[in-house]
Every structure is written in C-alpha cells, then in structure tokens.
Amino acid sequence: MTLGDHGPYGSYPPPFPPPPPPPRRRTWLIAGGAVGALAVVSAVAVGAVLYVGKATTTECERGMSQELAGIIAQGGGCLQLTSALFTDAERRSQVTVGVLSLKRAEDAASVFGMVSMDPVTYQVVSLDPPPEAGLPTVPPGSAGVFRRLMTVRSVVFSNAQWADGSETREAELTEQATELLTYVNGNVVAYEEGKRKGKGKGKGKASTGSG
C-alpha cells in the first residue's frame with residue numbers, strides 16, 4: 001500500500017445528462033466531480049449512479065503533484081485532466097480515477113514511465129468528497145492502492161483508499177481500484193481509437209502498471 005494526497009480542483013457544469021445505468025453486480029456512486037464525458041460514460045458502464053456534478057480542468061498542474069507537473073512541462077503539455085471520485089455501495093471506500101490527456105504521445109509514455117517508478121511522487125491528486133455527499137474526508141497520509149494504465153495519449157490513474165484511513169483489506173481495495181481503472185481505460189481507448197480512425201490511422205496499444 002502506498003500513500004495518497006487529497007484536494008478538489010474545480011468543477012464545471014456537465015455537458016449532457018448521463019443515461020440511466022444498467023444493472024450490475026456492483027453498484028458505484030460518484031461521490032464528487034466526475035469530470036468530462038469519458039468519466040461519465042465509464043461510470044455508467046459499471047452501474048454507477050451520478051451522485052453530484054462533473055468537473056474538469058485544462059490547468060492540469062492544479063490536480064497533480066508538483067513533480068508530475070514538472071515532467072509534463074518539459075514536454076508539449078497536457079490537454080486536460082479529468083477526475084471522478086467513486087465510493088462503493090457501502091460507502092466504505094473512496095476511489096479517485098483520473099484521466100490525464102497529453103498533447104503528444106511521447107509525453108504520455110514519459111509520464112507513464114515516471115509514475116510506474118514512483119507512484120507516490122508522480123501522482124494525480126485524490127479528490128475529497130463535497131460536503132453534500134455525506135462522506136468523511138480520508139485522513140491525510142492514509143495508506144492506499146495506486147494503479148495506472150496508458151493509452152496512446154493518456155495516462156489513467158486510480159487511487160483507492162478506505163474512507164476511515166484503514167490499512168486493512170488491501171486485496172478488496174485493489175479489486176475496486178482495478179475494476180474502475182479498467183472500465184475508464186477501456187472508454188478512453190475507444191475514444192482515442194475513434195479519433196484515429198477518423199484520421200485514417202491504425203489502432204494503438206494500452207500499457208499497464210501498478211504500485
């Protein structure tokens with residue numbers, strides 16, 4: 001288990017209302033700021049219920065560590081950072097899934113490499129639940145599970161922690177982090193492939209890492 005930080009970084013009106021979620025074995029609630037259409041569609045795919053609003057930012061440095069922002073600044077920069085905070089049906093866990101979209105594919109590879117080596121130093125910020133969510137804020141410095149996947153131009157992050165800061169049941173927390181990460185990443189891959197097909201380009205590959 002590794003350590004995570006917290007803090008929201010802005011919210012914006014949703015671009016469109018999400019469709020009703022299909023029934024699935026696990027029900028997820030979005031506890032705060034699902035950012036952008038990619039996160040919303042992914043949330044629906046895992047049977048999520050939209051709990052509050054959506055959020056996104058093009059000022060990516062506001063939602064990540066200074067070290068990660070420094071790596072991105074050395075390249076072509078980012079397009080946007082999209083994040084969503086999920087909790088399970090029992091409201092015990094808090095999982096932030098972030099999609100960091102870069103302007104250049106080579107920058108995504110560089111970011112993914114640095115994050116894989118040191119997921120604590122090079123990380124996106126975990127979101128705090130808004131007051132109306134009725135969820136506790138995870139104590140600072142609490143242990144957590146970090147997972148990440150890379151597409152052609154994006155790095156998808158999953159930061160999972162127990163709401164009470166507990167270090168127990170790591171396998172269960174890892175399962176939740178991986179499940180959400182996989183769904184969001186699949187949606188990002190489909191989006192990027194659609195964009196490339198529109199330009200007459202071939203398919204790309206996804207890479208994975210854990211920490």
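In this predicted model, Asp88, Glu90, Arg92, Arg169 and Glu172 are joined to one another in a network of salt bridges. The structure as a whole, when searched throughout, contains seven salt bridges. Side chains of opposite charge can pair when their charged atoms come close.

| Salt bridge | Distance, N to O |
|---|---|
| Arginine 92 with glutamate 90 | 4.0 Å |
| Arginine 92 with glutamate 172 | 2.6 Å |
| Aspartate 107 with arginine 104 | 2.9 Å |

Arginine 92 takes part in a salt bridge with glutamate 90 and also in one with glutamate 172, where the closest N and O atoms lie 2.6 Å apart. The pair formed by arginine 92 and glutamate 172 connects distant parts of the chain, since the arginine sits in the loop between β5 (78-88) and β6 (93-102) whereas the glutamate belongs to helix α4 (residues 170-198), a separation of 80 residues.

How accessible are the side chains involved? Arginine 92 has a relative accessible area of 31% and is therefore partly exposed, and glutamate 172, with a relative accessible area of 26%, is likewise classed as partly exposed. Glutamate 90 reaches 53% relative accessibility, so this residue counts as exposed, the cut-off for that class being over 50%.

Arginine 104, at 36% relative accessibility, counts as partly exposed.

Two packed helices are described by the angle between their axes and the distance between the axes. For helix α2 (residues 66-73) and helix α3 (residues 105-117), the axes come within 10 Å and cross at roughly 155°. Because angles over 145 degrees count as roughly antiparallel, α2 is roughly antiparallel to α3. The crossing in which α2 passes α3 is right-handed. On the side of α2 the contact is made by Leu68, Ile71 and Ile72, and on the side of α3 by Val111, Met114 and Val115.

Serine 65 is located in the loop between β4 (56-57) and α2. Is serine 65 buried or exposed? With a relative accessibility of 12%, serine 65 counts as buried, because that value is under 20%. Once its neighbours within four places in sequence are set aside, serine 65 is in contact with Thr121, Tyr122 and Gln123.

Turning to the chain as a whole, there are four helices and nine strands, and from the N terminus on these elements follow the order β-β-α-β-β-α-β-β-α-β-β-α-β. The chain has 211 residues, of which 51% count as buried. Among the contacts in the chain with a separation of 6 or more, 72% are accounted for by residues 24 or more positions apart.

Terms used. Residues numbered from 1 in each chain as written. Predicted model: local features only at pLDDT ≥ 70, side-chain atom pairs only at ≥ 80, totals over all residues. Heavy atoms only, no water. Axes fitted to C-alpha atoms, helices over the stretch in contact; angles between N-to-C directions. Helix = DSSP H or I, 4+ residues; strand = E, 2+ residues; numbered from the N terminus. Parallel < 35°, antiparallel > 145°, perpendicular 65-115°, else oblique. Left-handed = near helix turned anticlockwise from the far one by under 90°. Contact = heavy atoms within 4.5 Å. Salt bridge = Lys/Arg side-chain N within 4 Å of Asp/Glu carboxyl O. Buried < 20%, exposed > 50% of the residue type's maximum accessible area, 1.4 Å probe, protein only.
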